[in-house]
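This report looks at a few parts of one protein chain. Please keep the structure in view while reading.

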Amino acid sequence: MPIPLQFSSYQFASPQTGPRLIVLGAVHGNEVCGTLGIRRLLAEFESGARVLKQGCVTLVPVTNPLAYNKGERSGDRNLNRNFAPTTTPLEFEDRIANWLCPLLAQHDVLLDLHSFQSKGQAFVFMGPHDNAGTLEPFMHAAKEEALARCLGVSRAVDGWLSTYALGVKRRVALFGEADSRQMQLNTDPCYGMGTTEWMRRCGGWALTLECGQHQDPAAPDVAYQAILNTLAHLGLIDAPAPAPVDGMEALSLYEVIDRMHADDQFVREWVSFDEVKKGEQIATRADGTPVLAVDDGRIVFPNVKSQVGQEWFYLARESGRLG
């Protein structure tokens, strides 16, 4: 059912000070598992069945109402790219950012709930190692790693923004400074900035939980349980701290491949985190050129619906980060 094109959040605060958590659903309008998980928890808080013992939690069931009403990933554009406030909003997503960025800055921790197109199991996206670099300086890696272990999933991935920036560098070399707004964004490193990257830039820390395939009936339960685990891990509710998952797989993205022609095709149906061997053919370009894996690892986010000039798939390899 369509909802009003307005921005809404629900905050519950304890009289006792503590961590400030914000949880987002439907940043992409066709990813509703987070919305369902959040609404389930929202009903529990509103009925009094669940109570905060310290701190506060802010719940945003539908972050992008335009995309949600369309049942599509984007409204005017992808909200989880080029995410920052602006004095000259052009698209609906710019107006969301002008509302949401200040709200995020009022919190310590963000849990952003998503799902994905291809088949596959839930996993969590973490930020970078602690660093003082220019792309994504950060100082809360240990906090993110500790929470990632407690969400209930068995795989963690990092390296998003640095790998996206690699793709941008190639696009600029190939296309130059493009005239269209979409191509300007595709060749701008800041276009890789999403909600979690903005949260880290504000001094907080954040995780993106990919709860499963869009239509997976289990995905809303994954989202709901992850929120509960986060609340317990942070000590916001009176519940035992969740046990860390043993033997989590830790991967780092290191390569992004763009689709360059509408006739570029995968050689088979790939699923996120399928293994690939160095030199294995993943796809074929329109002119017949094979696209090969440059190293042993995994394929991530293979997208048969990718637009020309945008990300087609990513490659990841073991990082040993959670070992």
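This is a predicted model: local features need pLDDT of at least 70, side-chain atom pairs count only at pLDDT 80 or more; totals for chains, interfaces and linings use all residues.

Is Phe-313 buried or exposed? Phe-313 has a relative accessibility of 0%, and so counts as buried.

Phe-313 lies in strand E14 and is paired with Phe-266 in strand E9 (residues 265–266). The two residues are 47 apart, and the pair links distant parts of the chain. Between Phe-266 and Phe-313 the ring centres are 5.8 Å apart and the planes make 55 degrees, which is a tilted arrangement. Phe-266 has a relative accessible area of 14%; buried means under 20%, so Phe-266 is buried.

The count of aromatic pairs comes to 14. One of them joins Trp-160 and Tyr-314, and this pair is also tilted, with 5.5 Å from centre to centre and 45 degrees between the planes. Trp-160 belongs to helix H5 (residues 160–175) and Tyr-314 to strand E14 (residues 311–318), so the pair ties together parts of the chain that are 154 residues apart in sequence. Both Trp-160 and Tyr-314 are buried. Elsewhere, one aromatic cluster is formed by Phe-116, Phe-123, Phe-125, Phe-273 and Phe-301.

## Helices H1 and H8

How do two helices of this chain pack? Helix H1 covers residues 33–47 and helix H8 covers residues 219–233; their axes are 7 Å apart and meet at an angle of about 50 degrees. Angles from 65 to 115 degrees count as roughly perpendicular and those under 35 as roughly parallel, and H1 and H8 are therefore oblique to each other. Their crossing is right-handed.

On the H1 side, the residues in contact are Cys-33, Gly-34, Leu-36, Gly-37, Ile-38, Arg-40, Leu-41, Glu-44 and Phe-45. On the H8 side they are Ala-219, Pro-220, Asp-221, Ala-223, Tyr-224, Ile-227, Leu-228 and Leu-231. Sorted by class, the contact between H1 and H8 has 12 nonpolar residues, two polar ones and three charged ones.

Cys-33 is in helix H1. With a relative accessibility of 2%, Cys-33 counts as buried. Apart from neighbours within four places in sequence, Cys-33 is in contact with His-114, Ser-115, Cys-211, Ala-219, Pro-220 and Ala-223. Cys-33 and Asp-221 are 188 residues apart in sequence, while their C-alpha atoms are 7.9 Å apart in space.

Thr-230 is in helix H8. Its relative accessible area is 0%, so Thr-230 is buried. Which residues does Thr-230 touch, not counting residues up to four places away in sequence? They are Leu-21, Leu-111, Leu-147 and Leu-151.

## His-214

Where does His-214 lie? His-214 is in the loop between strand E7 (205–213) and H8. At 16% relative accessibility, His-214 counts as buried, because the cut-off for buried is under 20%.

Leaving aside neighbours within four places in sequence, the contacts of His-214 are Asn-30, Glu-31, Ser-115, Phe-116 and Gln-117. Among these, Phe-116 is a member of the aromatic cluster described above, and Ser-115 is also in contact with Cys-33. His-214 and Pro-102 are 112 residues apart in sequence, and from C-alpha to C-alpha they are 29 Å apart in space.

Note on methods:
Residues are numbered from 1 along each chain as its sequence is written. Side-chain values use heavy atoms; hydrogens and water are left out. Axes are lines fitted to C-alpha atoms, for helices over the stretch in contact, and angles run from 0 to 180 degrees between N-to-C directions. Helices (H or I, at least four residues) and strands (E, at least two) are DSSP runs, numbered from the N terminus. Angles under 35 degrees count as roughly parallel, over 145 as roughly antiparallel, 65 to 115 as roughly perpendicular and the rest as oblique. A crossing is left-handed if the near helix is turned anticlockwise from the far one by less than a right angle, and right-handed if clockwise. Contact means heavy atoms within 4.5 Å. Ala, Val, Leu, Ile, Met, Phe, Trp, Tyr, Cys and Pro count as nonpolar, Asp, Glu, Lys and Arg as charged, and the others, Gly among them, as polar. Rings of Phe, Tyr and Trp (its six-membered ring) pair if their centres lie within 6.5 Å; planes under 30 degrees apart count as stacked, over 60 as edge-to-face and the rest as tilted. Buried means under 20% relative accessible area, exposed over 50%, partly exposed in between (1.4 Å probe, protein chains only).
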